[in-house]
Amino acid sequence: MRRTDSGRGRREDHGPVRYGPPFPGDGLPVLPELSAVLAAAASRADAQPVGGAPALLEAACGYWTRRGLPSVPDQVAAGPGAPALLLALTAALAGDGADVLVPRPCAAWWAPYARILGRPVYHVPTPPESGGVPDPYALLETVRRVRAEGGDPRLLVLSVADDPTAGVAPPELLHETVEAATAEGLHLVSDETWRDTVHAPHGTVLLSPAEMWPDAVTVVTDLAGALLPPAWPAAVARFPATGAGRHLHARVLDILTGFGAALAGPVAAAAGYALDEPPPVIERREAAVRLHARVAAAAHAAVVAAGALARPPAAGRHLYADLAPLREPLAARGVGDAQELEDFLTARLGMPAPGGHRFGDDLGALRVRLSTGPLLGGTDEERAEGLTSPAPLELPHLHRALASLRSAFDELGDDAQRWEPPR
């Protein structure tokens, strides 16, 4: 009997999909120029073609070309969010009996789309210095083990700027992993939703797997990462410029058509405007990245000061913490696994704090993802103020939010010190 690493725990009935973790939104008011574009398109009654209209595809090509990935419209497809595109890609690449590989941990929405299709999902450990990209040796071992058990691993999903870990994979690790995956005949889907949210863009080298091995990598970018609000679902995919890539592109369009996954016209107009990256979009994105980087750094400092473990966040609007050093004070509060940690911190902090089991980590590990968006304020005015303030962490509402976070972790840290035996 084949063994699968499906990540199911004893809390399966807690809602692993319907009640899964929210997307780490930016918590900011919608850019007025985006609202104006969407409103201007709201009166149009014509439907968007599945896969995107020519103007949107041209905008996506320009976006990728500016990032070192030259593209033409025949290589590109658009859909109502990255989940729709990943479902179609998984159906096209692994829907006929193949297996899917993902890192451990990984974005919470990756694995469910394979399971919807009845495909096993195998989690591959990531190295300590980076999330989102599997360790190359662990990847090779997993592929060989799955094949020995009668499986057919064919698809690897990874991310160079990661949710949930907020890490950016170093190019040397990425190169080794991509080389190992392609040598084993895997097709790679690179989720690059967070590539434009790197906290130190001049000090961080971010490469796409498609730059290293363009014939075997499909890139998916959800525009909610840096360009659009999460409530306006839009994403784009870039396929290899090969015969196999053209076949995959056509198959994905067939599948998107089959379940009616077309972009809403007004959202498509806003997506095209955002992908063109006019000055208002660039200025808002850069300001939002600076703000979230500062808040994430402050949240990281609070978590680490209490004794928890967390790598400094390098991208995105979140951080990933391991509270294993605080296990004893947490146990005194009835917290013994990731689900109980999620429940405890969500109630204590007054914001979502999804446990690591949501991202494929072990249920028994005390890991949690914390988002920065909920810390920015309670009103649009407060949240917008952080974008222009020279010292956003000193704003009263942000200061209070971070103080509350520090207080929650300080309590645990103080209790942990009391649990330590005298020397």
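**Exercise 1. Find which residues Gly386 is in contact with, leaving aside its neighbours within four places in sequence.**

Solution. Contact here means heavy atoms within 4.5 Å. With neighbours within four places in sequence left aside, Gly386 is in contact with Leu291, Pro392 and Leu395. The model is predicted, so local features need pLDDT of at least 70 and side-chain atom pairs count only at pLDDT 80 or more, while totals for chains, interfaces and linings use all residues. Residues are numbered from 1 along each chain as its sequence is written, and side-chain values use heavy atoms, with hydrogens and water left out.

Helices (H or I, at least four residues) and strands (E, at least two) are DSSP runs, numbered from the N terminus. Then classify its accessibility. Gly386 counts as buried because its relative accessibility is 6%; buried means under 20% relative accessible area, exposed over 50%, and partly exposed in between, with a 1.4 Å probe and protein chains only. Finally, the C-alpha atoms of Gly386 and Leu398, twelve residues apart along the chain, are separated by 8.3 Å.

**Exercise 2. Describe how helix H10 (residues 279–305) and helix H13 (residues 380–388) are placed relative to each other.**

Solution. Two packed helices are described by the angle between their axes and the distance between the axes. Axes are lines fitted to C-alpha atoms, for helices over the stretch in contact, and angles run from 0 to 180 degrees between N-to-C directions. The axes of H10 and H13 come within 8 Å and cross at roughly 95°. H10 and H13 are therefore roughly perpendicular to each other (angles under 35 degrees count as roughly parallel, over 145 as roughly antiparallel, 65 to 115 as roughly perpendicular, the rest as oblique).

Now list the residues. From H10, Arg284, Ala287, Ala288 and Leu291 meet Arg383, Gly386 and Leu387 of H13. The residues of this contact divide into four nonpolar, one polar and two charged. Ala, Val, Leu, Ile, Met, Phe, Trp, Tyr, Cys and Pro count as nonpolar, Asp, Glu, Lys and Arg as charged, and the others, Gly among them, as polar.

**Exercise 3. Repeat the analysis for helix H5 (residues 136–148) and helix H6 (residues 171–183).**

Solution. H5 and H6 pack at an angle of about 20°, their axes 8 Å apart. They are therefore roughly parallel to each other. Pro136, Leu139 and Leu140 of H5 make the contact with Leu173, Glu176, Thr177, Ala180 and Ala181 of H6. By class, the residues of this contact are six nonpolar, one polar and one charged.

**Exercise 4. Give the strand order of the open sheet and identify its edges.**

Solution. The seven strands run in the order S1-S7-S6-S5-S4-S2-S3, with mixed pairing. Strands S1 (76–79) and S3 (121–125) stand at the edges with a single partner strand each, so one side of each is left without a neighbour in the sheet. The twist averages 25° from one strand to the next.

**Exercise 5. Trace the surroundings of S7 (residues 235–238).**

Solution. Two strands pair if DSSP finds at least two bridges between them. S7 pairs with S6 (residues 217–222) in the antiparallel sense over four bridges, and S1 and S7 also pair in the antiparallel sense over four bridges. Val236 is the bridge partner of Thr221 and of Ala78, whereas Ala237 is the bridge partner of Val220. Both faces of S7 are covered, with Ala235 and Ala237 buried on one side and Val236 and Arg238 buried on the other.
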